[in-house]
Structure formats: C-alpha cells, structure tokens
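Subject: Structure for your review

Dear colleague,

Please find below the structure that I am handing over to you. A summary of the findings follows it.

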Amino acid sequence: VGLLHLEGPPGLLRSMNTQITQLITVIQIDRAGGVDSNTNQTLNQTHCGEYSSQLMPNGHCRLMATLPRVGTTEKRCPDMFRCTDEISFWLQENQNRKQQLEELRETMSELQEEVRNHRHRVKALEMQGEDSIRLNSTMGHRLHFLELRHAEADTLLQVHAALLYELQAQLRNLSATMQHMSRSSSCTINVIKATPPLSMRNTLAQGGQYLSFCPSDCTSLYHNGVRRSGVYTIVMSPGTTFPVYCDMETDGGGWTVFQRRRDGSVSFNRGWAEYRDGFGEAQGEHWLGNHHVHLLTSQGHYSLRIDMQDWSHAHRHALYQSFRIDDEENQYRLHVSGFSGTVEDSFGWYHDQHGFSTPDTGNICAEISHAGWWFHQCFYTNLNGVYYKGGRYSLRAHNLLGPDGIVWFSWKDSDFYSLKGVTMMIRPQSFRRLSP
C-alpha cells in the first residue's frame, strides 16, 4: 500500500480527489478478483484504499490517500500511472512556479532597492542644485560688490592723480615765483592749466590763466598753500623784496619771524643803521630790521608772539593781541597791548610807547645793555642783550655797569639771568587756520 500526500488549491484537489476515489475503487475491485456490473455500487465502498482531505490555515486543501501496493496483483489500476504522472507533473509545475515566484520576489526586492538608491541620488542632486544656486547667488552679489569697489577705487585714483598733478604744478609755480621775485617785483606768473584743488580755486584770476601771488608776509604764503617752515622771499610795497623765516607750525603757523636768539653766534651789540636794515641770517640768529618790521605792521593789524626757553629747557610764551612800530622819523616807537600767555608780562606794561635806542644814539641804557631795544629806565625786558651761556652772570665777574643779558625779569625775578632761546614773530590778527 502506498501513501499519497497532496497539497494545493481547493479546486484542483477536488478534481484529483474524484480521480483518486475512482482509482481506489478500481484497485479495490481488482484486488477482490473482479465483480460484475451488479456489484459496482457496492464495490465502491470496499476497503481497497482510503483517502481524506483537510483545509489548512493558509487556505490550501491537504489530500491524503492510501494506494494499493503496485506489482503485487495480476491486475493493476489502468489509470494509476497516468494519474500519478499528472500529479507528479502538477507538483513539478507547482514547484517551478514557486521558484519563479521566489525569483520574482528577489527581483522585486532588487528593483525596490535600486529605486530607493535612485531616490537618494535624486535627493542629493536636488540638494547640490540648491547649494549651487545659493553659491551662485552669493558669488554674484560678491562680484557686484567688488565691481562697485573697483569703480570707486578707480575714481579715487583719478582724483588723486589730478590732485598730484595740480600740486606738482603749484610747486613748480611757487619755485618759479620765488626765483622771479628775487629778481623783480612782478607778482603774476602763468599757471599750468589743470583743475585746481577746491581750497585754492579762489586764488585763480577770472579765466583761470594767472595766479596772483604777491606774498606780503608768511600768512599770505600760508593761505597760498605753503605749510613748511623755512626761509621765503616776501614782497613789500613799493617793490621791496627781502627774505624772512616763516614759522608754519607754532599755534597753526603763518608767523613772520623778525628776531631769533638761540646759540650766541651773532652779536646784537649793533648800531642804529644795522638795527634799521637788519643783520644775521634768516635761517639762524638775526634781526629782520626795524624798517622791514615797520612796513610789515603798517599793512594791517598784527599780533606779536614771543617764545622763550631757559637753560632748564622750560618753554614759555607771551602773546600780545596788538603790535606795531612807527617809522624811522618817529624812532620806531613801540605800540603793544593785549597781553596773554604762560609767563608774567615784563614787556608791554613797561616798554609800550617808547622809541627804539641803540648804543650809538647816546642812550645810556642802550650803552650799558650793549644792545638796541625799546628802553625806558632802563628795562624789565631786553631780548637783544648779550648771550650768556649757562644763564647766570654778575656785574663783578664781567666788569659791567649794569645787567646786559637776554632778560625777561619776571622769569626769575632777576636781571642777572640770561635766557637760552628767544623768538619774536608776528602775524595778522585775522589769521584763521585752514583745514589740512
């Protein structure tokens, strides 16, 4: 007896169940030795074989049949092998379909994995595209910004080049002016055609072809662009020219220096004519000359500044709002007022309204002091006195009739202390410092 175990879809198993039932019936008849037609219905219920069916949880039917042992009888079921061949074929087909289904499932899994990978790649590309857009936008803004800065820099370079060209032209003009004025009193020179700086456009004559440049003092030089201290030639009416030292640094600049003492290299024990015309070099120790100081202070309202230094390197100054001197006929009489400064006044209050005297004029104070000055009885200030190195001096040591040093009495409350350095300079009261 053989045991047949089948599993498959219910419809197919029902068909096979019918065939197996018929087969078992035939086998039962054959084993009984044959029957006639009247006993066919009864033989269908014989015990030639058994089978049963059962519904599985997965929805398939399980068919179980007990078959007769093949080869033990003279007759065999004529359809048995055909039936078993069909079952075997179906089972093989079923197995093939299962394999195909598994392959399809594996293929589907691979395709799904590829789809996921493609989605990841697409997402990455989208993110890269967004980053590229942002980067391109940022680079575009940066490029635009740099283009604007380049345009601004190019404009500034052009402006600077124009200003540099103009300054070079003005420097050449200034040098030519100084050389020209040293030979004549002419004050008009050609100007190279160029766009002038805003601060100097008002110096151009109508039409822009000539520059009026008649410096009457250091302030006029300052307003025409001169900013460096040094010796310059100024022009006085009528046609008088002479060199002066211009201080372009102290208190805003524009100062015309008319007296300087700093090392004792020049003797100030001079006569009337030398004090009238001047002596020394403008670059060093000198007296500009009473005549020149008179011409300068007759041009307008001038202020006087006196800078002083002692042998302890202390610096102080006296400032007088108003200063002028008369002409030679009036002995270069002094007019000074409006004191302020960092030292007590020893000059204006005592020497104002007094004429100038020198040792050769018969003035006893000038003779004793060995200097020219606006003496009274005799002085509280004498900045043209003898230069004593170290500052201290005495009558007995130098056989003196009286004090004759570079004296500012209130500095040490003494006539016997000589200063180390003195500078006297003037500029117009209306001076205003210009922007750099």
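**Findings**

Glu-103 is found in helix α3, which covers residues 80–181; helices (H or I, at least four residues) and strands (E, at least two) are DSSP runs, numbered from the N terminus. This is a predicted model, in which local features need pLDDT of at least 70 and side-chain atom pairs count only at pLDDT 80 or more, while totals for chains, interfaces and linings use all residues. Residues are numbered from 1 along each chain as its sequence is written, and side-chain values use heavy atoms, with hydrogens and water left out.

**The chain as a whole**

The protein chain has ten helices and 16 strands. Of its 436 residues, 39% are buried, where buried means under 20% relative accessible area, exposed over 50%, and partly exposed in between (1.4 Å probe, protein chains only).

**Helix α3**

Gln-170 is also found in helix α3. With a relative accessible area of 12%, Gln-170 is buried. Its C-alpha atom is separated by 9.6 Å from that of Asn-224, 54 residues apart along the chain.

Glu-152 forms a salt bridge with Arg-149, with 3.9 Å between the closest N and O atoms; a salt bridge is a side-chain nitrogen of Lys or Arg within 4 Å of a carboxyl oxygen of Asp or Glu. Glu-152 and Arg-149 are three residues apart in helix α3, so about one helical turn separates them. Glu-152 counts as partly exposed at 47% relative accessibility, and Arg-149 counts as partly exposed at 48%.

**Other salt bridges**

By this rule the count comes to nine salt bridges. One of them joins the side chains of Arg-270 and Glu-274 at 2.8 Å, N to O. Arg-270 is partly exposed, at 21% relative accessible area, and Glu-274 is partly exposed at 34%.

Arg-324 forms a salt bridge with Asp-326, the closest N and O atoms being 3.0 Å apart. Here Arg-324 is partly exposed, with a relative accessible area of 39%, whereas Asp-326 is buried at 16%. Salt bridges that share partners also join Arg-276, Asp-277 and Glu-328 into one network.

**Helix α6**

Helix α6 spans residues 290–297 and is mostly covered, with seven of its eight residues buried. Among them are Val-293, Leu-295 and Leu-296. His-292 lies in this helix too and counts as buried because its relative accessibility is 14%. Leaving aside its neighbours within four places in sequence, His-292 is in contact (heavy atoms within 4.5 Å) with Phe-242 and Asp-277.

Yours sincerely
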